[in-house]
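Good morning, and thank you for coming.

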Amino acid sequence: MGAPAPLIDVDRVQRVYQMGEEKVYALRGVSVSVSEGEFVAIMGSSGSGKSTLMNLLGCLDRPSAGSYRLAGREVSKLSRPELAEVRNRTLGFVFQSFNLLPRTSAIENVELPLLYGNVPTKERRIRAREALQRVGLGTRLDHTPGQLSGGQQQRVAIARAIVNRPRVVLADEPTGNLDSRTSIEVMELFQELGATGMTVVLVTHEPDIAAYATRVIVVRDGLIQSDVRQTPRSAKAELASLPPPYVPPPLSADEDEAAP
Amino acid sequence: MNLFQTLRVALLALRRNMLRSFLTTLGMIFGVGAVVAMVAIGEGATAKIEAQFAAMGSNLLIVSPGSAQTGGVHGGAGTKQAITWEDLKAIRTELPSVRDAAADMRTNINVMSESQNWVTSVNGVTPEFLGLRAWAIDSGVAFGQAELDARAKVCVLGGTVVDKLFPGQDPIGQSVRIRNVTFLVTGTLERKGQSSWGQDYDDIILVPASSYQGYLVGGNQKYVTGMFIVGGRTTEGMARTEKDVTALLRQRHHIQDGGDDDFQIRNLTEIANQQQQEKQTMTMLLAGVALVSLLVGGIGIMNIMLVSVTERTREIGLRMAIGATPSRILLQFLVEALTLSVLGGLIGIVVGIGGAWEVARRIDWPLLIRADASILAVGFSGFVGLAFGIYPAYRASRLDPIEALRHE
C-alpha cells in the first residue's frame, strides 16, 4: 500500500537574496513534506529563515532553487498571476495583525477571496455566512473590525482564510497580538479545522503555541534543525481548566443593592 | 476577469473613504462645472447677439449723409443734405452687388389714438424696408409702391405702439393721429424684442416715405433726410458692395480723388462678425481656462491616488495574498480613479448648469446648455482620471505582496 502523495512537497529549496555584492542565503536547501490533515508548527528565532519558508509555502515568493509541489502541482516556476490564482484557490492566510479591511463589515471582509475567485454574488453571501458561523461569529456578520475584539477580528480573518475551502491554511504568528486566553481560543479553532481534515501550517516563536500542533519543525540558519511529531495539547481541555473569563459586574447591580 | 466585480470592489473602497473621495473629486467638479458654465454662457451671449443682428437684418450697409462743413467747422453726422432719391434709385438699379435698397427716415413724434398718446419713432420708409430688415407683418398688410406713389395716409405699428395706443384692442382699421394728420392702421409688425443696448425694435410706426416727407416733415423733397439701407447679395461680398456703393456715390456727388466723402457707410455685417468673433475668442479663452482647471483636477486625483496607494499598501498586500492578480489590482485603482473623475464630472455638469442658469437669469441672456460640451467635459475628465490614474495604479500592481504586508 503506497503512501498518498504529500499535499506539500518541498525539495531542496534554496532562497538567496542579493544584498549589494553579497549573497545572503535565507534558506540553504530545505526539504519537507506535509500530508493532508497535519497541523504543523514552524518555529525558529528571527532571522532563522522561518518567515522565508512561510512565504515560499504561501506562494508569495519563489525559490531560487529546488522544487515545490503543492497539491501535486509544481508551483516554483509560476508567474505572478498564476501564483495569485494558486493562493486564491489552494491557500488561506491568517496574519498576526489580522489585516481586515477597516470600515468594512465582517461578511464583506470574508467575501473578499470569493470576489477574486469570481464566485457569483449569491453564493458569495451564503459561503461567507457559513464561514463566519463556523468560527462562531454567525451573529456579527455586519460588524466592522472596529466593533469587534481582537479575538473576534482574528476569527473573521480565519473565516476569510477558509471561505474558499483551501487545501492549506497558513497562519503567521496568529496569536501574536492576542492575550493568552484568546490565543488558546484561536488555537482551539485551528484544532477544530484540523479535525475536519484541513491542513494547517503555523509559524510561531512561542513553544506554548507550538504545543497545540501535531508536528513541530524548527528552522535554524536556513536549515531544518528538527522535525518532530507529537501528541498535541488539547486547547479545548485547556480552556475548560481555566477560570471563567472576568466579566465586570454591570453597573446597575450596584444601584440595585443600594436601593433598599 | 469580471469588470462588474472590479467596479464593485472599487466602489466599496471609495465608500470606505467618503470624505477623501469627495475632496478628490472637487477639482473635477469645478473643472467640468467651469467648462459647462463657460460654454453655456458664451453660447447664450452669441445667441443673443445673433438675435439682435437678425432684427437689424443681415448683409446690410447703412448709408447716411456726412457732416456739413462750413468754413472748416464740421457739423455732426447727418447734418448735410447729401443723399438723394436719385442716389437711391442708382444704387438699386446700377449695382449688381446690391440686392435691394430702401430709404429710412425717422423722427420721434407724439402719436395719438382716440384715448391714448405715445411718443415713438415714426419712420418714413420705402416698401423694400421690411424685406431688407427681414421684418414680418404680424396681422393686416404692409404698404407697397401704390401707397408710396399716392402718398397714402397708412401706417404699420410695432408691438409696443399697439400696446400703448390700443391696449386690448385690434388696431387694424383704426386710425392714429400723427402731427394732426390721420393715418389708417393697416398692419402690425411681428415682435422682435429689445436689443442689449436697450433699443426697442417694436417701439416704431412705419409710414410711406412720401407721406412722411409730404405731411410730417418739411424740407427739400429731392433729398432723403435719413439713411439708405442697402442689402448686399452675400455675406462674403459685403466689402465689395460697400466699395461699389462708395464709388457710385462719389461719382454721383462729383467728389474729386482725395476729397472727403459727403456720406458715411456703416457695414452691419462687419460689426456683427466682429462681435461674433470677440465672443468666440472669449468662449475659447474661457473654455481653455476651464480645461486647464480640469487638468489640475486630474493632477489632484493623481496625488490623492498616490497617497491612497501608499496608505493602503497593506491592504494591497492582503488583496494580493488572497488571490488578487496584479492586473486586477491595476484595474481596481484605475476604476477608482475613473469613477472619481467621472462622478466628479457628472456633479460638475449639475454645478455648471446651475452656475450658467444663475448668470443667465441675472443678465437676461438665453440659457443654452450644449450637450456636446457637457459630454466632452465628462469624457475629458474621465480621460484625465484614467491618464493620471495609470501611474498610481501601476505602482500598486507592482508591489511585492510580502513587502506590502510588512508595510507599516
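**Confidence, contacts and folds**

This is a predicted model, and in chain A the average pLDDT is 90, with 94% of the residues scoring at least 70. One stretch of chain A calls for caution: over residues 255-260 the pLDDT is below 50, and beyond near neighbours in sequence this stretch has 0 contacts in the model. Where pLDDT is low, the predicted coordinates should not be read in detail.

Let me turn to the two chains together. How many residues of chain A are in contact with chain B? There are 23 of them, and they meet 20 residues of chain B. Two elements of chain A each give two or more residues to this side, namely helix H2 (80-90) and helix H3 (106-116). H2(A) supplies the largest share, 6 residues. By residue class, the side of chain A that touches chain B divides into 11 nonpolar, 6 polar and 6 charged residues.

Is A:Leu112 buried or exposed? With 24 other C-beta atoms within 10 Å, A:Leu112 is buried, because 20 or more is the criterion for that class. Leaving aside residues up to four places away in sequence, A:Leu112 touches A:Arg160 in its own chain and B:Ile322 in the other. By contrast, 29 Å separates the C-alpha atoms of A:Leu112 and A:Ala210, which are 98 residues apart along the chain.

I now come to the sheet in chain A. Six strands form an open sheet with mixed pairing, in the order E6-E7-E8-E3-E9-E10. Strand E6 (91-94) and strand E10 (223-229) of chain A stand at the edges; each has a single partner strand, so one side of each is left without a neighbour in the sheet. Ignoring direction, neighbouring strands are turned against each other by 20 degrees on average.

Within this sheet, strand E3 (residues 39-43) and strand E8 (residues 199-203) of chain A pair in the parallel sense over 4 bridges. A:Val40 has A:Val201 of E8(A) opposite it. Which helix lies across E3, E7 and E8 of chain A? That is helix H6 (residues 180-195), which runs at about 150 degrees to E8(A).

Strand E4 (residues 98-112) and strand E5 (residues 117-125) of chain B pair in the antiparallel sense over 9 bridges, and a hairpin joins E4(B) to E5(B) through 4 residues. B:Met112 has B:Asn117 of E5(B) as its bridge partner. E5(B) is also joined by 5 bridges to strand E10 (residues 204-208) of chain B, and these two run parallel. There, B:Val125 is bridged to B:Pro208 in E10(B).

A:Asn118 has a positive phi of about 60 degrees although it is not a glycine. The residue sits in the loop between H3 and helix H4 (121-134) of chain A, and A:Asn118 is exposed, with 12 other C-beta atoms within 10 Å. In chain B, Arg151 is also a residue other than glycine with a positive phi, near 50 degrees. B:Arg151 lies in the loop between helix H5 (145-149) and strand E7 (154-157) of chain B, and is partly exposed, with 16 other C-beta atoms within 10 Å.

Thank you for your attention.

Methods
Residues are numbered from 1 along each chain as its sequence is written. Chains are lettered from A and ligands numbered from 1 in the order in which they are written. This is a predicted model: local features need pLDDT of at least 70, side-chain atom pairs count only at pLDDT 80 or more; totals for chains, interfaces and linings use all residues. Two residues are in contact if their C-beta atoms, placed from the backbone, lie within 7 Å. Ala, Val, Leu, Ile, Met, Phe, Trp, Tyr, Cys and Pro count as nonpolar, Asp, Glu, Lys and Arg as charged, and the others, Gly among them, as polar. Two strands pair if DSSP finds at least two bridges between them. Axes are lines fitted to C-alpha atoms, for helices over the stretch in contact, and angles run from 0 to 180 degrees between N-to-C directions. pLDDT is the predictor's confidence in each residue, from 0 to 100.
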